[in-house]
Amino acid sequence: MTDITVDGLVKTYGDVTALDDVSFEIPEGEFVVVLGVSGSGKSTLLRCLNGLTPPTDGEILVGDETATGPRRDMAMIFQQHNIIGQMSAYSNALTGTLGRTRFLGSLLQLQDREEKLMALEALETVGLLDEARQKARRMSGGQQQRVGIARALVQQPDVLLADEPVASLDPGSAQQVMGYLRTAAEERGLTAVTSLHQVNLARKFGQRFVGLRDGRKVFDGYRDELTMDTIDEIYGDIDTEGMLAETDIDGDDEETIDQPAAGGGPVA
Ligand SMILES: Nc1ncnc2c1ncn2[C@@H]1O[C@H](COP(=O)(O)OP(=O)(O)O)[C@@H](O)[C@H]1O
Ligand SMILES: [Mg+2]
């Protein structure tokens, strides 16, 4: 059971209330996008979810258990893909087994056959099987982030968490990476929570949305409920027109999302 329940979550840093009584439930297998401007509390929410930051008040339940710290069944993908440049895509993906194998064993490449297969499978999921032997530093930012996704998948998590995973990428690469992320979660039946500040990407790849503003939850719903009015509520005075430029708000792109391309390719 990997349903996630966030119940009355509060996080304060001194005088700053980063999260203010945030509650929502995520059924297993849902792909949730957390939306909000910079400073609205997205990273804090993700850090609380993955157990890196203890809540000031409230609780997070994974299944029936109160989450009290980092968990093996949750894998995190970071904005700054902390990929090791000198290592191949494959070796980087294999480091996802670090929590599984002893560190030394991993350094000595003593992973067992099963783990090596998992790394190759994960690279295939993100469309990088042919590049498996390539050094990460020779890869594009988008490819490196896909290696980051592969490494997270190798942990065999039930929950994928990603904090602004495409923030440093150009729009084309960002779309591609989000496509692979969505496909990976869908193929493996993972619950996913991703923060994004770009509305167009969120609408294209998200299934369910949680909107934060000044640490408060101001929206919680599915794509058809994410109207211009609700977007205004989340983004306030910020001009969202540019952010929506690439998106047809009444979009006919729904179908592509729910039926990812066969063979595990990008959804976009
Ligand atoms: N470690 C911290 N110490 C103090 N304030 C913090 C810390 N982390 C976040 N904040 C504050 O909490 C609020 C929410 O930040 P954050 O969760 O990073 O938002 P977002 O990811 O949406 O940009 C901001 O006001 C930010 O300045
Ligand atoms: Mg952030």
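The model is predicted, so local features are described only at pLDDT of at least 70 and side-chain atom pairs count only at pLDDT 80 or more, while totals for chains, interfaces and linings use all residues. Residues are numbered from 1 along each chain as its sequence is written, and chains are lettered from A and ligands numbered from 1 in the order in which they are written.

Strand E1 (residues 4–13) runs antiparallel to strand E2 (residues 16–26), to which 7 bridges join it; strands (E, at least two residues) and helices (H or I, at least four) are DSSP runs numbered from the N terminus, and two strands pair if DSSP finds at least two bridges between them. Within this pairing, Lys 11 stands opposite Leu 19 in E2, and the two strands form a hairpin with 2 residues between them, where Gly 14 in the turn has a positive phi of about 60°. E1 is also joined by 5 bridges to strand E4 (residues 57–62), again in the antiparallel sense, with Val 10 standing opposite Asp 57.

E2 leads on to the ligand. The residues surrounding ligand 1 include Tyr 13, Val 16, Ala 18, Lys 42, Ser 43 and Thr 44, a residue being near a molecule if its C-beta atom, placed from the backbone, lies within 6 Å of it. E2 and helix H1 (42–49) are the elements that give two or more residues to this shell, and H1 provides the largest share, 3 residues. By class the shell has 3 nonpolar, 7 polar and 1 charged residues, where Ala, Val, Leu, Ile, Met, Phe, Trp, Tyr, Cys and Pro count as nonpolar, Asp, Glu, Lys and Arg as charged, and the others, Gly among them, as polar.

Glu 164 lies in the loop between E7 and helix H6 (171–188), and it counts as buried because it has 20 C-beta neighbours inside 10 Å. Not counting residues up to four places away in sequence, Glu 164 touches Gln 79, Ser 195, Leu 196 and His 197, contact meaning that the C-beta atoms, placed from the backbone, lie within 7 Å. The C-alpha atoms of Glu 164 and His 197 are separated by 7.3 Å, although the two residues are 33 residues apart along the chain.

Note on methods: Buried ≥ 20, exposed ≤ 12 C-beta atoms within 10 Å, placed from the backbone. Contact = placed C-beta atoms within 7 Å.
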